[in-house]
Amino acid sequence: MHATVHVRELTADDLDAAWELGRFAFGSDAQRPASTTAPVPGLTRYGAFDDTGRLVGKAVDLHHGQWWSGQAVPAADVAGVAVAPEARGRGVARALLTALLRGARERGAAVSALYPTVAAPYRACGWEAAGVLRTVDLATAALPRHRPASHLTVRAGTTADLPAVTALYERVTRHRNGMLTRQGELYDVPDRGLPGDGVTLVEANGDLVGYATWRRGRGYGADSVLTVDEALAVTAEAARELVGVLASWASVAPTLRLCPLDGDAVSVHLPLESAREHERDLWMHRPVDVARAVHTRGWPAHARGTVDFHLTDPLADWNTGTWRLAVADGAAELTRVDGEADLRLDVRGFALLYAGAAQARSVAQAGLLHGAAGVDPAALDLLGIGGPAQLLDYF
């Protein structure tokens, strides 16, 4: 039996209780970070309360943006979902996520991503697994070394270099799908210091062409690890230079730990065949507003076509209905049409296609897409054109 819960945005008076609920759910340290008990711009905290007014569940809508083929798509990325043990299995999370989606749509969000501790409850609410954030370990001594390029300068970064680092991150990620834009109030932090312990910069004629941010860790024995939070470059020469600098740590940090970005300038120089997986974090995706999700993203200029389908979304009824997808000249629109359609798509199937995680025939085999007799489901591959999505940020 589902209990009656009342969901609303949390106020400053609720934050202590929300922190305690999260501490029990995630096993956090008893010391409270200031950010958890004070209002934070760029996010919305939701709480579920029982009839006595006790907080029994919480969730956070992060006001992110995601890059999709050159366009910034407003996102409602979900974090910090927790339900009190005695209230679990009673519809609390579903009520929270329903309210979060509605509020996110009202503020203009189009898509949503999250990292689940368990996938089933989020699948029941329309999210579907779309990718994995992989953290791998490499033997530092196995990294290729090369003669430094004379036209490149390698130096330590300072806080004055952070705007250039942010700009280079955008150059690498904006043409991809799913990557966070790192723009907005959550990232407008005044007087922020260097990320980690250091930043290594590679410049060509004074212009930044590559960077690595890293954490040194402890010790210098066989178990010492250099954690590279990010290593990105916009030229092959800069990538080789960065990899060479990382290789120079071999004598004191035998293991290099990083999250490779598929097919980027740095990854193609790494000996990934010998990588050992350290951690993998499944992430899930879903539309907040399907029409907005299609309209705001970028589309390949060569893509062209039209397909009608009926979409079912049990949590976001504004998405349910019959739609016509039209793609042409680097843009696309979803418009409502009357009547039924030969293709019937579940919102989880929409998430898989939109994120490029599966083709339509696979979505049909999974039972998330149904077609009338003789109708080829591959027509809906039009929705997923543009390549697979990937995340580089954990939230």
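Start by selecting strand 8 and strand 14: in this predicted model, the two pair antiparallel over 4 bridges. Zoom in on L138, whose bridge partner in strand 14 is L256.

For a landmark, pick E128, which has H285 as its bridge partner in strand 15.

Next, select helix 5, residues 236-247. Its 12 residues reach 16 Å from first C-alpha to last, close to the 16 Å expected. Colour its buried residues, among them L242, V243 and L246. What covers them? Strand 14 (255-258) is part of the cover, and so are strands including strand 9 (152-156) and strand 12 (207-215).

Time for the aromatics. The whole structure holds 6 aromatic pairs. Go to Y115 and F395: the ring centres are 5.1 Å apart and the planes sit at 70°, so this pair is edge-to-face. The partners are 280 residues apart in the chain, with Y115 in the loop between strand 7 and helix 3 and F395 in the segment after strand 20. Y115 is buried at 9% relative accessible area, and F395 counts as buried too, at 16%. Then select W68, F350 and Y354, which form one aromatic cluster.

Two last stops put an arginine over a ring. R182 has its charged end 3.7 Å from the ring centre of Y169. R297 lies over the face of W299, 4.5 Å from the ring centre.

Terms used: Residues are numbered from 1 along each chain as its sequence is written. This is a predicted model: local features need pLDDT of at least 70, side-chain atom pairs count only at pLDDT 80 or more; totals for chains, interfaces and linings use all residues. Side-chain values use heavy atoms; hydrogens and water are left out. The expected span of a helix is 1.5 Å times one less than its number of residues. Buried means under 20% relative accessible area, exposed over 50%, partly exposed in between (1.4 Å probe, protein chains only). Contact means heavy atoms within 4.5 Å. Two strands pair if DSSP finds at least two bridges between them. Rings of Phe, Tyr and Trp (its six-membered ring) pair if their centres lie within 6.5 Å; planes under 30 degrees apart count as stacked, over 60 as edge-to-face and the rest as tilted. A charge sits over a ring if NZ of Lys or CZ of Arg is within 6 Å of the ring centre and within 35 degrees of the ring normal.
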